[in-house]
Amino acid sequence: MGTPRPGGEGLPGPRRGEACGVAGFSVGGEVSPLLYYALRAIQHRGQESAGIAVFDGNRARIHRGMGLVHEIFSPATLKGLQGSSGIAHVRYSTTGLSKIEYAQPIVLHTLYGDLAVSHNGEIVNAAELREELQLKGLAFSTDLDSEVIVRLIAYELSRHRNVVEALKAAMRRLRGSYALAVLFGDRVFCIRDPLGIKPLALGRVEGGWGFASESVSFDITSGEFVRDVMPGEIVEVTPEEAITHHVGGEDVPAHCMFEYVYFARADSVIDGRCVYDVRRNIGRILAREAPVEADVVIPVPDSGRAHALGYSTESGIPLAEGIMKNRYVERTFILPEQGERVESIRIKLNPVRSVIDGKRVILVDDSIVRGNTMRKIVRMLKRAGAKEVHVRIGCPPIIAPCYLGIDMKTRDQFIASGRTVDEIGRAIEADSLAYISIDGLVRAIGMPAEHLCLGCLTGVYPVKIRGEKYRYQLTLDSYQTSSQVPP
Ligand code: SF4
């Protein structure tokens with residue numbers, strides 16, 4: 001793969017999931033090469049499928065496929081996407097199956113012009129909206145919440161006959177997380193949900209303006225990242241300018257803490273914070289909160305690198321790359337007849353014995369979800385001669401599902417659910433285990449806790465979700481179901 005997948009407990013196999021990535025540009029020249037490179041920069045956000053839609057002067061042209069961006073697009077396919085405005089998408093399925101019909105952008109041919117939409121996030125009232133639209137006679141071809149968004153916008157377009165009014169009307173109905181790229185005729189818009197849960201960066205490129213899920217898309221296209229799209233903002237990009245049509249953010253945002261801990265590229269800047277700096281801060285704070293006597297700090301590659309550097313700097317214990325990662329095994333499998341001889345973890349990660357043998361090791365990673373992989377890594381280090389393995393984790397225990405776009409859906413999949421830290425430490429066979437505290441994480445990110453979504457850490461969510469606690473509600477009993485919430 002072009003960009004190594006971050007985190008993910010460092011291994012292939014069942015995945016915890018990634019958010020998707022979106023991009024859109026309006027430029028003086030050809031837009032598809034820019035979109036291609038913008039997608040390459042955010043490939044880590046989704047590797048199942050990718051697509052680009054451009055307006056060719058007459059209608060929307062689209063090319064989508066399964067796999068990585070460079071596998072799907074060639075010079076010939078990009079040449080077939082001629083036009084100066086367009087949007088793009090990389091997908092990891094948080095809802096819906098993994099097949100080509102579910103690749104985005106989704107295109108509809110409306111009476112008023114072609115409409116294409118790419119979506120990163122998850123809509124929590126998608127089922128209600130789908131039913132409402134079906135009762136009005138609309139049909140759906142997938143179970144994607146993203147299809148609900150595009151059909152809702154098309155429906156509002158038929159009512160308002162004005163795309164900006166249609167987008168505003170759709171925003172008023174959608175609940176959940178969304179960073180949207182919208183192509184309507186030759187016009188390109190982006191929208192960030194009112195809580196700013198998912199990141200969205202706005203910038204200049206040669207001959208125009210654009211946006212992408214992460215600021216790194218502007219680095220790769222020799223552009224300039226200008227600012228984050230504000231929560232609740234609708235921005236239209238043209239070759240000359242970026243026009244804000246609407247700002248409808250809630251008073252208190254809820255940026256996803258997991259973007260900083262795990263998802264985003266370390267070289268991205270999100271909501272004014274460099275992700276790499278945040279991860280190093282996490283490591284420093286973790287070293288203060290959970291010190292231990294040891295000889296060497298070792299990151300789980302690539303996910304624990306910046307966290308480990310911070311831990312090493314703060315503790316004064318030297319950092320060493322004690323685990324090497326094979327970068328070319330994302331889609332690997334073990335031959336059935338080799339099953340007993342091949343250790344699945346060693347396909348991807350291998351210890352450097354000279355760094356580990358006889359040492360007391362501090363092993364640092366970004367997060368633990370199920371814990372299976374961490375146990376394998378601890379065992380691997382012990383077999384390589386580690387005297388002790390102390391595990392330090394840069395994300396507090398994940399105890400609750402994410403309903404806002406990350407594929408962590410059931411409580412029983414989390415090793416931290418219903419277990420103490422000591423019990424988890426024993427389960428992963430570590431000599432000691434410590435997580436950064438929620439307070440420490442919030443300080444490392446450097447924004448008030450109320451401005452972050454911490455739902456999977458606390459079980460308290462910034463969006464009303466049936467059966468879960470909402471952030472302004474004092475007890476679960478006072479919960480209103482989403483269908484009772486006024487539109
Ligand atoms: S629940 Fe967790 S992973 Fe999901 S949006 Fe909130 S912080 Fe991010």
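Is G24 buried or exposed, and what is its relative accessibility? At 0% relative accessibility, G24 counts as buried, where buried means under 20% relative accessible area, exposed means over 50% and partly exposed lies in between, for a 1.4 Å probe and protein chains only.

## Basis of the model

This is a predicted model, in which local features need pLDDT of at least 70 and side-chain atom pairs count only at pLDDT 80 or more, whereas totals for chains, interfaces and linings use all residues. Residues are numbered from 1 along each chain as its sequence is written, and side-chain values use heavy atoms, with hydrogens and water left out.

G24 belongs to strand β1, residues 21-27; strands here are DSSP runs of E with at least two residues, helices are runs of H or I with at least four, and both are numbered from the N terminus. The C-alpha atom of G24 is separated by 9.2 Å from that of I52, a residue 28 positions away along the chain.

Helix α1, which spans residues 32-41, is mostly covered, with seven of its 10 residues buried. The buried positions in α1 are S32, L34, L35, Y36, A38, L39 and A41. As a general point, an α-helix has 3.6 residues a turn, so residues three or four places apart point the same way.

## The ligand and its surroundings

The space taken by the ligand is the largest cavity. A cavity is a set of points, on a 1 Å grid over the protein atoms alone, where a 1.4 Å probe fits but cannot get out, and a molecule sits in one if more than half of its atoms lie within 2 Å of its grid points. Around the ligand are the residues C256, M257, F258, C402, L404, I406, C453, G455 and C456, a residue being counted as near if one of its heavy atoms lies within 4 Å. Helices α8 (257-263) and α16 (455-458) each supply at least two residues of this shell.

In composition, the shell divides into eight nonpolar residues, one polar and no charged; Ala, Val, Leu, Ile, Met, Phe, Trp, Tyr, Cys and Pro count as nonpolar, Asp, Glu, Lys and Arg as charged, and the others, Gly among them, as polar. The ligand lies between domain 2 (274-329 + 340-444) and domain 3 (447-484), because both give residues to the shell around it; the domain bounds come from an automatic or database domain assignment.

## Cysteines

The count of disulfides comes to zero, a disulfide being a pair of cysteine sulfur atoms within 2.5 Å. For C395, the closest cysteine sulfur is that of C456, and the separation of 6.3 Å is too far for a bond. C395 is buried at 1% relative accessibility, and C256, one of the residues around the ligand, is also buried, at 9%.

## Backbone geometry in loops

Two cis peptide bonds can be described here. The bond from Q104 to P105 is cis, with omega near 5°, and P105 lies in the loop between β4 (85-91) and β5 (106-110). A cis peptide bond also joins P301 and D302, with omega about -10°, and D302 is found in the loop between β17 (296-299) and α10 (305-315).

D271 has a phi of about 45°, is found in the loop between β15 (269-270) and β16 (273-274), and is buried with a relative accessible area of 14%. E429 has a phi of about 65° and is found in the loop between α14 (421-427) and β22 (432-435), where its 32% relative accessibility makes it partly exposed.

Key: On a 1 Å grid over the protein atoms alone, a cavity is a set of points where a 1.4 Å probe fits but cannot get out, and a pocket is an open set with protein on both sides within 12 Å along at least five of seven lines; lining residues have an atom within 4 Å of a point.
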